[in-house]
Amino acid sequence: PVPFSFHWKTDVAGPKATVRLGAPFRQFSSRLGHEVPCDWCRPFSADGVGSSSPIEVAGEGFKVDLVLQVDKEEGPLFQTKTLTFLPRYVLCNRLDVPIELGQAGAEAAGTAVVEKDGGMAVVRWLDESKDRRVRLRLLPDENRNHEDWDWEWSGALSVETVGYTPVKVWAARRRADGSPHVFNIMVHASMQGAVKLLVVHAQGQDPAILVQNASKFATICYRQAGVERDLQEKAAPGECAGFSWDIPHGPTVLEVSFEEDGREVDCSMKCNMDKLGVFPILRPGGHAFKVSVTARGPSKVLLLTDVTDGEPSVFRLGDAAQVGEKTATHYGLKLAGIGLSIIDAKPEELVYISALGIDLRLARLGEWELTRLMLRAFQVDNQTSLGAPVLISQGSVDSEELDRRGEEAGGL
């Protein structure tokens, strides 16, 4: 820790501070013709105890996002504030091979090597004209044969999302049979306090997406929607393979086609992996089969199966609308209420959000879909001593009036 005090001459809005990168970081001044210290960041206030504020510091050709945390000491130093600076975005490599990290579209400006088995690196932005996204690729490792493949960069990953994202890394050259060689990884983004932590690890036995070919006759060919056709992957009869998205945060849709006896048949379809269900039975060639999207634990499974003699009559893709017109699906969800409390680091409650009388209904009939969402009451309460006690509240409409409006709007 380094002690710091404000000058007696302060700003009207309160004392503010600023920081910059120190040695060995410097930047070149074209006006002076030599290197000078880095620029100071924008002034910030240290009054908000328990708060976290984003700060951006710049070096020679790069910028780093930091987080400022303001805390108050206890005991004899109860009047002292502690300012802690943390990197805002950190990547942790849990793979057993090193990886290379770079800003998407600015890899030529500089990258960072993240060592295997827990290595960490701070995300830097080298080109302000590019989006703040990152890309990864595998590096050679003397203990494995990855150096034989020369891996390409992955798709661009957003650092703002939270959760699990399956990501695909391509090898520059193909296998001996001409098929692409891929390495599926998982990126888990979570908040560790005010720091966004991106953990890269291999997909386990339950990948996010599985393609299972249970057919004895057809080969299933698949790729993400919007990806070039020559990058499609295949699963031969009896094979089961994991799949990751070529375009992270892109459409979760697979473009699917089929082969029989090594020849492509005239049949293709698009499968939304976020919607579970069974597609109409297909007969593109000499055999009939069906495609379904199911859930198996944490995995979404694209399943191809043969149609037995006991199955209903075979339909082609063009007959899908006729099948849909004969079936209807209804979903309903009713909740007495949901409450959300937002607190600070002390912890003290700041805002309380309540939603009461939640009624959600969904109906599907063929190509038609009808949705109804009703809330009996919605309110946002200010739990602090400053400002109005109620920030947002519903109007004075009674329950009978809400029912009448729902029926006029085509409610279920």
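Student: How do the residues lining the second largest cavity divide into nonpolar, polar and charged?

Tutor: The model is predicted, so local features need pLDDT of at least 70, side-chain atom pairs count only at pLDDT 80 or more, and totals for chains, interfaces and linings use all residues. Residues are numbered from 1 along each chain as its sequence is written, and side-chain values use heavy atoms, without hydrogens and water. Ala, Val, Leu, Ile, Met, Phe, Trp, Tyr, Cys and Pro count as nonpolar, Asp, Glu, Lys and Arg as charged, and the others, Gly among them, as polar. The lining splits into 5 nonpolar, 5 polar and no charged.

Student: What volume does the largest cavity have?

Tutor: On a 1 Å grid over the protein atoms alone, a cavity is a set of points where a 1.4 Å probe fits but cannot get out; lining residues have an atom within 4 Å of a point. Points join across faces, edges and corners, and volume is the space filled by probe spheres set on them. The largest cavity holds about 90 Å³.

Student: Which strand gives the largest share of the lining of the largest cavity?

Tutor: Strands (E, at least two residues) are DSSP runs, numbered from the N terminus. The lining includes Leu-101, Gly-102 and Gln-103. The largest share, 3 residues, comes from strand β9 (residues 99-103).

Student: Which residue types line the second largest pocket, and how many of each?

Tutor: A pocket is an open set with protein on both sides within 12 Å along at least five of seven lines. This one has a volume of about 610 Å³. Its 20 lining residues comprise 12 nonpolar, 5 polar and 3 charged.

Technical notes. Helix = DSSP H or I, 4+ residues; strand = E, 2+ residues; numbered from the N terminus.
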